[in-house]
Amino acid sequence: MSVVLSVAGLTAGYGGLPVIENVTLDVEERSVSVVIGPNGAGKSTLLKSVIALTEIAAGSIRFGSVDITGAETSALVPLGICAVPQSRNVFPSLTVSENLDIGTYASPPRNRMETEQRILSLFPDLRDKLTQPAGELSGGQRQMLAIGRALMSDPKLLLLDEPTAGLSPAYLEKIFDLILDIRATGVTIVMVEQNARQALRIADMAHVLVNGRNFISGTGTKLLANEAVRRSFLGGAE
Amino acid sequence: MIEFINLYFIPALTLGSIYALGAVGISMIFGILRFAHFAHGDVMTVGAYGVLTAVWFIPLHPLLLMPFGAALAVAAALTVDRFFYKPLRKLPTIYTVISSFGVALIFRSLLQIFWGAGNEVYIRGITKPLVLFDTFRIAALHAEAILLTLLIAVALHYFLTRSRTGRAMRAVADEPELAAVAGLDTEKVIRATWIIGASLAAVAGVFAGMDTDVHPNLGWNLLLPMFAAAILGGIGKPMGAIAGGYIIGLAEELSTFNWIGDDALVSPSYKTAVGFVIMVALLIFRPQGLFRGRLL
Amino acid sequence: MELTGLVFYLIGFLIAGGIYAILCLALNIQWGMGGLFNAGIAGFFAVGAYASAIVTTQASDKHLGGFGLPIPLGLLAAAIVAGAAGWAVAKICVRLKSDYLAMASIGIAEILRLVIVNESWLTNGSLGISGIPRPLDGWVAGRGADVVFLASVWIVVLIVYVLSRRLHDSPWGRTLRAIRDNEQSARAAGKDIEWFKLQTFVIGCAIMGVAGGLSAHYFKFLSPSATEPLLVTFLVWVMLMAGGSGNNRGAVAGALGIWAIWSATEIFTNRLPPEIATRSSYIRMLLIGLLLQFVLQKFRSGLIPERSPPLRFDKE
């Protein structure tokens, strides 16, 4: 199994202040990697650094053999990296179908029709809303659309920043099932999550960040059983 | 009634057409580049002078020579973006606003240096108005302006909703950071914005020049009502800007009609203030405009 | 050029330079300290000029007048009227992004111009107001009066400078700069952003009105077409940017420096043959426009950059 994404000794933040320090992790091909930790631990910052939306003070990020540290954000989609930010992740005045279309501009999929059908079957809710402006969708539908847009270019690596944030329990289940479906199509997934327990259940690899630094890493099952992790993150709170 | 249509309503629609075309550019630039482009009026003037010069060399109707004006205006816009606006892009947008203020003066000075400060006309002599149904007298200019603007509006709508560049432009206007994350080429979108905005401004400039005279302050004098129109339509909503332009044009011209009694409702000397008053009302009560544009 | 001629040229230069310095200091309060973009400087300047003229001139059937009040009261009237106009603009725009304030300030300048030109009962329209008094009118005349006026202008410059300095170093000024640099944090700290910005704008406009008043008293005659309004607005912006925004000494230095360049090029182009001479004023404007772009890109903080005042912990 090859390493698709490799973060080494990364120190990054905003406005001259580092939020994460010396963070290191590797992501294997076709795996689901999960990043969890308390609020303010720097999980989102880590993800944003991969797509070059933060100031990087030290360390490197490699996508396969390509060094993408601090690259131009819009250059990443053609490389095969698609990200879904936590908020403001759809274009509100564009219709659902236009949103999906945008996903194909920077890196057209090999067979556009086939890809679109595949994604609409993953998100059947969107099928009858194609001409609706994305701003009118519910939170859960918006999340689906955001992920759908990212998948339209057949990416190799999918980055999700708290995909279940603010969603109803029904959608929560859907999203986690979805992630496994997406992995089945051969896409590598890196996910930042607040719902630690559920995230760990589907994770091949999990990384815990505390105060901007690596705390512990391991398979999902191993961390579920880990005492320190159970006490801090799994104590009933979901 | 006929008099109302001939002397007030049709000229109002003409003025509205000019405002509409200029406001579209302002709204787009506001929406995508996120700053108030104070030099947009002068881009109109550049376009007007481009066509004027072409008319001097090629004896055709100004409207046929429109591409020359558009080309000059687009070249001017892309040049100032490259050398003056782009270096300031990462800073708070107010710096670009200040820069555009300076660019306005630069454009005007260049026009005054090369073409002189006097008034010029496209066509000498008086042209006969069109007479429709034996009652409506419409100057050819009015008919041309209104029809061409409506055509452009339809074309613009199709461009924005059907073409890739159009959709990319709407996406960048909606969420610029997401657009970058989605891989859209922002610089290409910015270029397209300038090309469309400047071309439309050139058309507006030619109509304005045909309506009055071509002189260096042509566009600058129209800037305020065009800003009002852009805000009225909702920032970042080009079709809204077109509607806004017509509303402001109508308000301005029709305000001098004697709605009540014999005197004009608003004295003609204050006609140009009508747009400003509407803008103030908008800023107080509904800054997002009619079509709910962005508030920046 | 004979010596006395040179001296009196210099006096004229310094009077105009002083008035520009006041405008720059005012703009520095709005932009340098408050981050507010005022594109209607000429409007507040003009309205202050007319207010002072109306309040200090004798009765006339051509325009509102007959109050015959002393010049300091004229300047006070100028400050009040200009400040009120500034208040109206800022009140509407202050909670919106700065671009809107820029548009509205141009708008108000245009409205004020329309009122000045059209309301002849008030201002005698395009014909203007004449007979505006000078300080110490009955006592000195001719060249001597110019010297007196020079002194008056620079006394006002000094007052405005000291006032600006005090504002800058005060807690009020620090809050203002905090708002300018990071509005969100300041708001989170509980500061009433809109109120601060409003005050800033009004104070700046009032001072611009005073500058206008001084100009009216200098020329003794006032008309709407006396100065090209855009040029005034533009020159002041270039002066502040070049001299150092956020910085009072920079404001004065920029005013004098750019005014010197402007005047020098005027002397130069006056000696050119007439065909080129008319174009030359446009060439000068072009160069100033380019200078602004250059300063914006390279020297945004100006030649004399901002220096944060020491925090004083004695009684405030």
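Chain A and chain C do not touch. Their nearest C-alpha atoms are 11 Å apart. Contact here means heavy atoms within 4.5 Å. Keep in mind that this is a predicted model: local features need pLDDT of at least 70, side-chain atom pairs count only at pLDDT 80 or more, and totals for chains, interfaces and linings use all residues. As for bookkeeping, residues are numbered from 1 along each chain as its sequence is written, chains are lettered from A and ligands numbered from 1 in the order in which they are written, and side-chain values use heavy atoms, with hydrogens and water left out.

So which chains share the most contacts? Of the 2 pairs of chains in contact, that is B and C.

Let's take that pair. On one side, 40 residues of chain C are in contact; on the other, 48 residues of chain B. The size of an interface is often given as the accessible area lost when the parts come together. Here, chain C and chain B bury about 3,900 Å² between them. That buried area is the accessible area, taken with a 1.4 Å probe, that two parts lose on being put together, summed over both. Carbon and sulfur atoms carry 76% of it. In chain C, the residues that lose the most area to chain B are Y100(C), M103(C) and Y282(C). Together they make up 16% of what that side buries.

Now the helices. Helices are DSSP runs of H or I, at least four residues; strands are runs of E, at least two; both are numbered from the N terminus. Four helices of chain C each supply at least two residues to the side that touches chain B: α3 (71-93), α4 (98-118), α10 (229-243) and α12 (274-298). α4(C) gives the most, with 14 residues. What classes of residue does that side have? It has 26 nonpolar, 7 polar and 7 charged. Nonpolar covers Ala, Val, Leu, Ile, Met, Phe, Trp, Tyr, Cys and Pro; charged covers Asp, Glu, Lys and Arg; the others, Gly among them, count as polar.

How many salt bridges cross from chain C to chain B? The rule finds 0. The rule asks for a side-chain nitrogen of Lys or Arg within 4 Å of a carboxyl oxygen of Asp or Glu. There are 9 residue pairs in polar contact across this interface, both residues at pLDDT 80 or more. A polar contact is a pair of N or O atoms within 3.5 Å; within protein, one must be able to donate a hydrogen and the other to accept it, and residues adjacent in sequence count only if both atoms are side-chain atoms.

Next, chain A against chain B. Here 21 residues of chain A are in contact with 18 residues of chain B. The two chains bury about 1,900 Å², with 60% of it on carbon and sulfur atoms. F91(A), E98(A) and Y105(A) lose the most area on the chain A side, together 32% of what that side buries. The salt bridge count between these chains is 4. In one salt bridge, the side chains of R167(B) and E98(A) meet at 3.6 Å, N to O. Helix α3 (residues 96-102) of chain A gives the most to the side that touches chain B, with 3 residues. By class, that side has 12 nonpolar, 5 polar and 4 charged residues.

Now look inside chain A. An open sheet there has 6 strands, in the order β6-β7-β8-β3-β9-β10, with mixed pairing. Strands pair if DSSP finds at least two bridges between them. Why is one side of β6 (81-84) and of β10 (213-218) left without a neighbour in the sheet? Because these chain A strands stand at the edges, each with a single partner strand. β9(A) and β10(A) pair antiparallel over 5 bridges. They form a hairpin with 2 residues between them, and N211(A) in the turn has a positive phi of about 50°.

Chain A also has a 4-strand open sheet, antiparallel, in the order β2-β1-β4-β5. Its edge strands are β2 (17-28) and β5 (66-67) of chain A. In this sheet, 8 bridges join β1 (residues 3-14) of chain A to β2(A). S6(A) stands opposite D26(A) in β2(A).
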